[in-house]
Amino acid sequence: MKFKTIFFLFNGIILFSFLFIALMPLFVLGGDYTRIFWEENWFLALIFILFISVLDGYFLMNWRMFSLLEREDWPGLTAYLEKEIYEKKKITSRNIRMMVNTSLTISNLDKIKRLENEVSDKKPLILAKHGILLGIPYLLEQNLEEGKLFFTNCINGASDKDKPWLQWCYAFLLLSGRENDEAVPYLADLSKTGKDPVLKLLSIYLLSTSSQDTDELKKEFLEEYPDRDKLEKIITRSKGNNIVVLLLSSILDDSRNWLYTN
């Protein structure tokens, strides 16, 4: 459905709902009671006006962005986001996520690197929160030394919620550099304490590639997820919420085959 159609349909539904509420006393109880009702409940109209003004204001302020998304004009959206981030200094979580996703769509990792530098310089306190997204170039290009430094900094400033995936990315780079002894403690901890089943599976699998005994961890995971289809659904949902999981599709395929066929 077209963005403009959604916008006007939404406004039409809201307006119809308000008119229904506003006129219902007139049809049910007559004009005198309607006047008394609105004298006592005038604030309802004010709430409606504020509600529709805020929502319409949001849509109108972001009209160009939504239009570019609708047309799938990725170069245009990239230029729009660059203006928002670098000229208007709007380094928001939404703009960061959209810039990373758009940069991946047009296969331009340099734009993510530039964004990382901007966030590090202007908004260092939110770097760890978006470390997974901003660290994607290090994972894809196997830039080991700079990548390890980046993820170390993020881990040190991360919340408990963000830290596990950052630790996994750090361990992945350690393994890529054949620093198995340094990577094993991170993977072993994530394999036992990880709450995200996708993260846990990836940790156990990478641990197994490091010549570690993972039979017991694998057995426990299979007891929790004996049905491959159930795990597939969890992974599919995770791909929609975490772009790193989407980028790790090949490793996930290997890990599932290892889990259910050996």
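In this predicted model, the protein chain folds into 17 helices and zero strands. Its overall dimensions can be described in two ways. Along the principal axes, the C-alpha atoms fill a box of roughly 85 × 45 × 35 Å. The radius of gyration of the protein chain is 25 Å, whereas a compact globule of 262 residues would have a value near 18 Å.

Packing and surface come next. Of the 262 residues in the protein chain, 43% are buried. Among contacts with a separation of 6 or more, 57% join residues 24 or more positions apart. The accessible surface amounts to about 15,200 Å², and carbon and sulfur atoms contribute 57% of that area. As for charge, the protein chain carries 32 positive and 35 negative side chains, with the centres of the two sets 5 Å apart.

Most residues other than glycine have a negative phi. Glu72, although not a glycine, has a positive phi of about 55°. This residue sits in the loop that runs between helix H4 (63-71) and helix H5 (74-87). With a relative accessible area of 54%, Glu72 is exposed, since the cut-off for that class is over 50%.

Aromatic side chains provide another view of the interior. Eight aromatic pairs are found in a search of the whole structure. One of them joins Phe150 and Phe151, whose rings lie 5.2 Å apart centre to centre with 75° between the planes, an edge-to-face arrangement. Both Phe150 and Phe151 are buried. Ring pairs also bring Tyr138 into the picture, linking it with Phe150 and Phe151 into a cluster.

Another pair, Trp165 and Trp168, is edge-to-face because the planes of the two rings meet at 65°, and the angle needed for this class is over 60 degrees. The centres of these two rings are 6.0 Å apart. Trp165 and Trp168 both belong to helix H11, and because they are three residues apart there, about one helical turn separates them. Trp165 is buried, with a relative accessible area of 10%, and Trp168 is buried too, with a value of 0%.

Notes. Residues are numbered from 1 along each chain as its sequence is written. This is a predicted model: local features need pLDDT of at least 70, side-chain atom pairs count only at pLDDT 80 or more; totals for chains, interfaces and linings use all residues. Side-chain values use heavy atoms; hydrogens and water are left out. Helices (H or I, at least four residues) and strands (E, at least two) are DSSP runs, numbered from the N terminus. The radius of gyration is taken over C-alpha atoms; the globule rule is 2.2 Å times the number of residues to the power 0.38. Buried means under 20% relative accessible area, exposed over 50%, partly exposed in between (1.4 Å probe, protein chains only). Contact means heavy atoms within 4.5 Å. Accessible areas come from the Shrake-Rupley method with a 1.4 Å probe; for residues, only the protein chains shown count as cover. Lys and Arg count as positive and Asp and Glu as negative; His and the chain ends are not counted. The place of a charge is taken as NZ of Lys, CZ of Arg, CG of Asp or CD of Glu. Rings of Phe, Tyr and Trp (its six-membered ring) pair if their centres lie within 6.5 Å; planes under 30 degrees apart count as stacked, over 60 as edge-to-face and the rest as tilted.
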